[in-house]
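Dear colleague,

Here is the structure for your files. My notes follow below.

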Amino acid sequence: MMAHLLGSCKLVTLATGLALAPANAQAACPIELAVYGDAQSGSEIDFTPTGTSATVTNTFRVILDNNVVLNGIVMWNEGVARPNGALMYKCPEGDATGDELAACTLWHGVIYTSDDKGSIGLLPAEGVEAPKMLILPDLGPALRQSSAYGGGGFSKVPWDVFALKGCQE
C-alpha cells in the first residue's frame, strides 16, 4: 500500500512540474525573441536578433492590419542614455540620405517598459529577459498622421502600450 501511495505522489509531482514548464519558459524569454500585442488593434511587435551591429541594440517589426509591416530599430544615445526607437515604412534600400530616412520614418522616441507592479524602466538590449509591457509614447497619433494610414495602408491604429504575448522559438 505504501509503495502505491509513493508511486501516486511521483505522478502528481511529475504532473505539477509539467504544468509549470510553460510558465517558466515564457518567463525566460529573451527580448530578442519576444512577441508583444495590442489588444485594441490586434497589432503585434516581433523582436528579432540584431546580429553584430555596432550601433543598433534591438531590431523589431510592427505588424499592422492589411499586411502593413513597419521596420524598427533601437539605438542608445550618448549622454543621458535612452533607447531611441524608430519605425520606418518603405525606406530605400542601401545607402540613404538623412532626408530620405526622415521621410520614411513614421515614429521615433524613447521606448519604455513596465513590469507587473507598474514600475517603469527602459527597453533593455539583447540578452535580457523580455519585460512584461512596452510603452511607445505617442505611437498611435504618429501612425494616424503617417502616409501608411488609410487608403491602401493600415486602418486600425494601435495604442501606445503592448503586452508580452509569447516567445518565438
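Two strands are said to pair if DSSP finds at least two bridges between them. Helices (H or I, at least four residues) and strands (E, at least two) are DSSP runs, numbered from the N terminus. This is a predicted model, in which local features need pLDDT of at least 70, side-chain atom pairs count only at pLDDT 80 or more, and totals for chains, interfaces and linings use all residues. Residues are numbered from 1 along each chain as its sequence is written, and side-chain values use heavy atoms, with hydrogens and water left out.

Strand β5

β5 pairs with strand β6 (residues 105-110) in the antiparallel sense, over five bridges; there, Met88 stands opposite Thr105 of β6. β5 also pairs in the antiparallel sense with strand β4 (residues 69-76), over six bridges, and Gly72 is opposite Leu87 in β5. The hairpin of β4 and β5 has six residues between the strands, and Gly79 in this hairpin takes a positive phi near 80°. Five of the six residues of β5 (residues 83-88) are buried, so the strand is largely enclosed by the rest of the structure. Buried means under 20% relative accessible area, exposed over 50%, and partly exposed in between (1.4 Å probe, protein chains only).

Glu32

Glu32 sits in the loop between α1 (2-27) and β1 (34-37). Glu32 counts as buried because its relative accessibility is 16%. Glu32 and Thr48 are 16 residues apart in sequence, yet 5.0 Å apart in space, C-alpha to C-alpha. Leaving out residues up to four places away in sequence, Glu32 is in contact (heavy atoms within 4.5 Å) with Phe47, Thr48, Pro49, Glu126 and Gly127.

Regards
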